[in-house]
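User: I'd like to learn how to read cavities in a model. Can you walk me through it?

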Amino acid sequence: MPRVVKHPDIRRAELLDRAAGLFLRHGYDNVSLNDLIADAGVSKGAFYHWFPSKGALIAALAERSAREAFAGVEDAVAGCNGDALALLNAALRAGFDVNMKTGGPEQLAAMVSLLRPDNAHLYGRILAVEEALFLPLLTRLISDGLADGVFDTFDPEGVADMIYGLAARTNSNILDVLQAADESARGRAVDCLTTRFRLHGLAADRILGLPDGSVATLTRAQVEAMVAALPRNY
């Protein structure tokens, strides 16, 4: 039977997929390069051709994950014809919309696995790459809104950093939902997460000089839909 020769990009993507699965199941620190090579079913030379070190593999995974998420945000912004506030809200809603409309449960399950302490290294790398992509876009949207008189702030880049940082800090609230002992505790954790999203939105409103409720945040129904897709056992 003739050997199937795959396009280099396809082969590289397959190696990344398999590596991501191992990291999510076992944790970054518990997976060695030999484990990765054995799971991939390739020679060491072939593997090192793509990824000369574990760090290089992590960097590739982080960049791919961040760029996939960012592509959805860019599409949402490009498809919005409103003013600066509408563009900002389109960007902030895009993460939720993209996850829930395109294979969201699997992506959310992977995200929850990344929140485990033993996957902190991988998750940190992904966040670093995401931040490098998202902050310039948020800064541009806020700067444009300031120039148009929609926003009133003295530090567009600082506001962008604040908005991104607040979003990243909801991870502990998501874990509270997952670790709830019963449905009553789960409901309280969902309420807390919804309140935290609302608080972040109000903080953005105030620092941008907007009326309360201007910056879009997730409703309780949206939060419930998100956590319903999360695995109970992570």
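User: What volume does the largest cavity have?

Analyst: General idea: rolling a probe the size of a water molecule over the atoms shows where empty space is left. Here, a cavity is a set of points on a 1 Å grid over the protein atoms alone where a 1.4 Å probe fits but cannot get out. Points are joined across faces, edges and corners, and the volume is the space filled by probe spheres set on them. For the largest cavity that comes to about 30 Å³, and the count is 1 cavity of 30 Å³ or more. One caveat: this is a predicted model, where local features need pLDDT of at least 70 and side-chain atom pairs pLDDT 80 or more, while totals for chains, interfaces and linings use all residues. Numbering starts from 1 along each chain as its sequence is written, and side-chain values use heavy atoms, leaving out hydrogens and water.

User: Which residues line the largest cavity?

Analyst: Lining residues have an atom within 4 Å of a point. For the largest cavity these are Leu 15, Arg 18, Ala 19, Leu 22, Leu 36, Ala 40 and Phe 47. Two or more residues come from each of α1 (8-26) and α2 (33-40), with α1 giving the most, 4 residues. Helices here are DSSP runs of H or I, at least four residues, numbered from the N terminus.

Definitions and conventions. 1 Å grid on protein atoms, 1.4 Å probe; cavity = no way out; pocket = protein on both sides within 12 Å on 5 of 7 lines; lining within 4 Å.
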